[in-house]
Amino acid sequence: MKYEKLIELAIYARDNSTYTPYSHFNVGCAVEMKDGEVYTGGNIEIASYSPTNCAERTAIFKAVSDGKREIKKIAIVGDSDYTFPCGVCRQVIREFSKKPEIIIANSKEDYKIYGMEEILPHSFGPEDLVGDKNGRK
């Protein structure tokens, strides 16, 4: 899928799929999986904040719950200039991708593309847990 279309879907998610009664800071995400299927999500706030779910995790968890396991591209659009994923979302993106294209956008015309190593250098992933039956290497 073209970047602009994925960004358009993320903008739609930001504008229609969020629940942000406290911060009023809306974020939308569209994630394209390896098979070409696209999932969208918006951030969902809860009054106590800790159970709040970011747009990226909403979209990714929808995909994973449908049996998808590998992210190809992910587009993120927020209410401010170039909204990047939080640390938790970066780790979730890392869990379900090998070399994703991470698109941080302000609009369909104004976006930047990053790789996983750029947004989460020296990351820890599933392959780091491969070892003997006790998890040791």
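User: Which residues does N43 touch, not counting residues up to four places away in sequence?

Analyst: Contact here means heavy atoms within 4.5 Å. With residues up to four places away in sequence left out, N43 touches S17, T18, Y19, T20, F25, N26, V27, N53, C54 and A55.

User: What pLDDT do local features need in this model?

Analyst: Residues are numbered from 1 along each chain as its sequence is written, and side-chain values use heavy atoms, leaving out hydrogens and water. The model is predicted: totals for chains, interfaces and linings use all residues, side-chain atom pairs count only at pLDDT 80 or more, and local features need a pLDDT of at least 70.

User: Is N43 buried or exposed?

Analyst: N43 is found in the loop between β2 and α2 (55-65). Helices (H or I, at least four residues) and strands (E, at least two) are DSSP runs, numbered from the N terminus. Relative accessible area decides the class: under 20% is buried, over 50% exposed, in between partly exposed (1.4 Å probe, protein chains only). At 9%, N43 is buried.

User: Which strands do the buried residues of α1 pack against?

Analyst: L6 and I7 are among the buried residues of α1. The packing partners are β1 (28-33), β2 (38-42), β3 (71-77), β4 (97-105) and β5 (111-114).

User: How many residues of α2 are buried?

Analyst: The buried ones are A55, E56, R57, T58, A59, I60, A63 and V64. They pack against β1, β2, β3 and α3. α2 is largely enclosed by the rest of the structure, because its buried residues number 8 of the 11.

User: Which handedness does the unit of β3, α3 and β4 have?

Analyst: β3 and β4 pair in the parallel sense over 6 bridges; pairing takes at least two DSSP bridges between the strands. V77 stands opposite A105 in β4. A crossover is right-handed if, with the strands pointing away from the viewer, the path from the first strand over the helix to the second runs clockwise. The β-α-β unit formed with helix α3 (residues 87-95) is right-handed.

User: Which residue in β5 is the bridge partner of I103?

Analyst: β4 and β5 run antiparallel, joined by 4 bridges. A hairpin of 5 residues connects them. In β5, the partner of I103 is I113.

User: At what distance does a polar contact join the side chains of K68 and D35?

Analyst: K68 sits in the loop between α2 and β3. K68 counts as buried, at 18% relative accessibility. Beyond four places in sequence, K68 is in contact with M33, D35, E37, Y39 and A63. The side-chain pair with D35 lies at 2.5 Å.

User: Is H24 buried or exposed?

Analyst: Most residues other than glycine have a negative phi. H24 is not a glycine, yet its phi is positive, about 60°. H24 lies in the loop between α1 and β1. With a relative accessible area of 56%, H24 is exposed.

User: What is the relative accessible area of Y82?

Analyst: Y82 is found in the loop between β3 and α3. Its phi is positive, near 50°, in a residue other than glycine. Y82 is buried, with a relative accessible area of 17%.

Terms used
A polar contact is a pair of N or O atoms within 3.5 Å; within protein, one must be able to donate a hydrogen and the other to accept it, and residues adjacent in sequence count only if both atoms are side-chain atoms.
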